[in-house]
Amino acid sequence: MKKIAKEKLALLWELLAHKATLYFPLQEDGAVNFAPWKNGAQVDFGVNSIVPPKNVFFPQAETYLRFKTGAKRLQLESVEPEEKFILFGVRPCDLASFNILDKIFLEEPTDGLYAKRRRLGTLVSMGCNEPGETCFCTSFALEPAFAPGADVMVWDMGEFLLWEPRSTKGEALTAVINELLDEAAPEETAAAVRLRDTTAAGEAAAARQRGWNTEGLQEALRGKFNDELWEKLYHRCLGCGICTYLCPTCHCFDIQDFSRDLEGERFSCWDSCMFAEFTLMTSGENPRPTQKERVRQRFLHKLLYFPSKFGLYACVGCGRCVRKCPVHLDITQVIKEAGGVVSGS
Amino acid sequence: MPVNLKLQSFEPLIIAFCCNWCSYAGGDLAGTSRMTYPANVRVIRVPCSSRVSSNFILRAFQRGADGVVVAGCHPGDCHYTSGNYFARRRFLLLQRFLEFLGMEPERFQVHWISASEGNRFAAVMTETTDKIRALGPNRKLRDTR
Amino acid sequence: MKQLSEILKEVAFGSLSSGEAEMVIGWQKGPFWWQSFPAFITDPGGTGSLIWDPFSVSNLSKYLLKEVPEKKIALFLKGCDALGFNQMLRDGRVDREKVLLFGIPCDGLVDPARVEAAGLSKGLLQVKKEQEELIFYYKKGQRKAPARDFYYAKCLSCRYPNPVIYDQMLGEAVPCQPVERFADVSKLETTPLEERFSYWSRHFSRCIRCFACRNVCPACSCRECIFDLAEPRWLGKANELSETQFYHITRAYHVAGRCVDCGECARICPVGIPLAELNRKFIKDINELYGEYDAGADLDKEAPLLTFKTDDPDVSSGS
């Protein structure tokens, strides 16, 4: 394992930014979000970003086709991402969300743009030193301080960052910045292992204290389609898109055209099952006529349909919905109400 | 016509929403009287100045207008009695709001032009075009696609 | 405050068991200290779970648009919520006969972000308000601090802490010392144009178009919203600054003269766009140009954009 002293970080950013576009959690007006780094930007590893880094692979809006009429034939030109990039400081929960997005976008028929971005990107994950009060990643068998899918894993050890390349991409990146790295001492490496253990244990204990987990949840939800649970829950939903847009695993999108004069472009963009128009048909028929059906769909999708199809829950326990839902209708409430087995307490 | 921003001498695109009863007729009079006003101005005829929704104005800026003019009957002369009085309140607020967001106040103007004021129509359009030309292309609400 | 919370349970129980109301909308407590959320109770036995605490910030009257209009609904209104309710009434979106209003005097509610910023949130179990103080309860021990230091910005400039409409008032009226609410707008007005433009561009660029600011707004009560219409599609779905500008200009302009300045839009914005400044610019201009007007409170005055004077200030100058 390697390490890099904190005073060398500015040099590191500089060096990496020359290699590729460098996405960091940047602070602006008090809000932390992933954005391309430029000199003078305020990097903030203190809290997880408001908007999850899924938008690096699955942008909120993305043009993939330009068209032109006027000539004899319709001219089409496809648009593809070309730039290599490094996504630095992704939390293990968010990194696990890419796994979930992969199930959707990398299975046949593959989403070519998503696949290409996955190839172009190098993922540097930063372990959590202390999970937040709204975190519950261990409920989905994740570790707060370790991300198995990372190309490079780093840990903030106070004076320095521990740096562990974990894939060929990660090795390649490490080779580029080798001059800035030092060899970590065995006791420093051991500290990272301890950090992994303590954060995971701490988070699991906190989850137990909250009195719910995901054991048996799928079974509990099967047959609950017409349960009065949804009637009870949906009333307070405002029907906004905060939960879906801030969810690292939500992946619904729409296809739209933008045109002016004789040319235009076609783009995909985020959409939200919380919006009434999401399922509105041309005829005026809406198969999910009220917020009740929409709320039910969102949670059953994450906790029942997705796991039935792909074998894993579409939630990574990042806690964004817990924190940001204005009326506190978050997934943990549903898990609890739906009867995820109460354990420990 | 998309305006070519790279042109050395910049020619602004100006959208003028003109009320059917006064300002549009004023424009007609300017035409039949052979008065000239800049070809930069594209006139869109509306029933009344109060028919003009903020959506129209914003959309014009989004799709390449460098300036937008709303023209209606003089206050007191509205064909529908009071439409332009309502419009006057709405557009003064909108003007001040756009300026609050950082838009140059010259870019969105409201003028009262009667059917008999062909000369005023030509003068307003000429003056507006000159002002906007001096300001240069508008990028502030423009769709960059 | 504990007392008020008991009264609240009692009147909720009373109105349901007497059949005066078929549903009560109040607040319930979530697992975290800062979670108080809207609750919809139809069974008198369920009223014991209702609470009133320093986090009962949600405006319950907006739900009247969604709930079954035939039902008679009882709900609790703070000062700001009452203004919103009045505006909905004025916009013809609620039926006064179908609601039973319990007024709650409220001198301010606690912003969890301020508790966090003060470093008090770690291990925090509960926050209670007693007189002018907040008491923070932890596993071991407690801490006290002046309540006003933790209030939402919108509460510090509140001018109507006591509901202006109610059937029954719960508790004693509270005084208020509002700070100047147009300070931020005035400051922005005097900054150079380009600086102002980049200020708003920076904020708008963060917008994720979740529509929470619209959905929470008591003045946004249209049955059909242009932002949802596919045809004509006024608001595109691209992540384009110009589209976001269109959204925010249109939203604020549409509620001009009807915005009650409850500050909910700015409070719930997940990315921290200072939306209240947009609304307040309109309020400030309306006050200056057409005379003081408080939407939701000045029921005897005509709505400023639904009327005119022949000698109103002119608009045509263009410079």
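In chain A of this predicted model, strands β4(A) and β5(A) make a hairpin, with 6 residues sitting between them. The turn includes A:G70, whose phi is positive at about 110°. As for the pairing itself, β4(A) covers residues 61–68 and β5(A) covers residues 75–78, and the two run antiparallel over 4 bridges. One facing pair can be picked out by name: A:F67 stands opposite A:L76 of β5(A).

Chain A also has an open sheet, built from 8 strands with mixed pairing. Reading across, the order goes β3-β2-β6-β7-β8-β9-β1-β10. The edges belong to β3 (31–36) and β10 (182–183) of chain A, each of which pairs on one side only. Further in, β2(A) (residues 21–28) and β6(A) (residues 85–90) run parallel and are joined by 3 bridges. Here A:Y23 has A:L87 in β6(A) as its bridge partner.

Over in chain C, the secondary structure comes to 10 helices and 8 strands. What about overall shape? A compact globule of 319 residues would have a radius of gyration near 20 Å, and chain C comes in at 21 Å, so the two agree. Taken along the principal axes, the box filled by the C-alpha atoms of chain C is roughly 60 × 45 × 40 Å. Of the 319 residues in chain C, 46% are buried. Contacts tell a bit about how the chain folds back on itself: among those in chain C with a separation of 6 or more, 67% link residues 24 or more positions apart.

Now for a helix pair in chain C. Two packed helices are described by the angle between their axes and the distance between the axes. For α6(C) (residues 193–205) and α8(C) (residues 241–254), the axes come within 10 Å and cross at roughly 95°. Angles of 65 to 115 degrees count as roughly perpendicular, so α6(C) is roughly perpendicular to α8(C). On the α6(C) side, the contact is made by C:S201, C:F204 and C:S205. The α8(C) side brings in C:L241, C:T244, C:Q245 and C:H248. Sorted by class, this contact between α6(C) and α8(C) has 2 nonpolar and 5 polar residues, with no charged ones.

Conventions:
Residues numbered from 1 in each chain as written. Chains lettered and ligands numbered in written order. Predicted model: local features only at pLDDT ≥ 70, side-chain atom pairs only at ≥ 80, totals over all residues. Axes fitted to C-alpha atoms, helices over the stretch in contact; angles between N-to-C directions. Parallel < 35°, antiparallel > 145°, perpendicular 65-115°, else oblique. Contact = placed C-beta atoms within 7 Å. Nonpolar A, V, L, I, M, F, W, Y, C, P; charged D, E, K, R; others polar. Rg over C-alpha atoms; globule rule 2.2 N^0.38 Å. Buried ≥ 20, exposed ≤ 12 C-beta atoms within 10 Å, placed from the backbone. Pairing = 2+ DSSP bridges.
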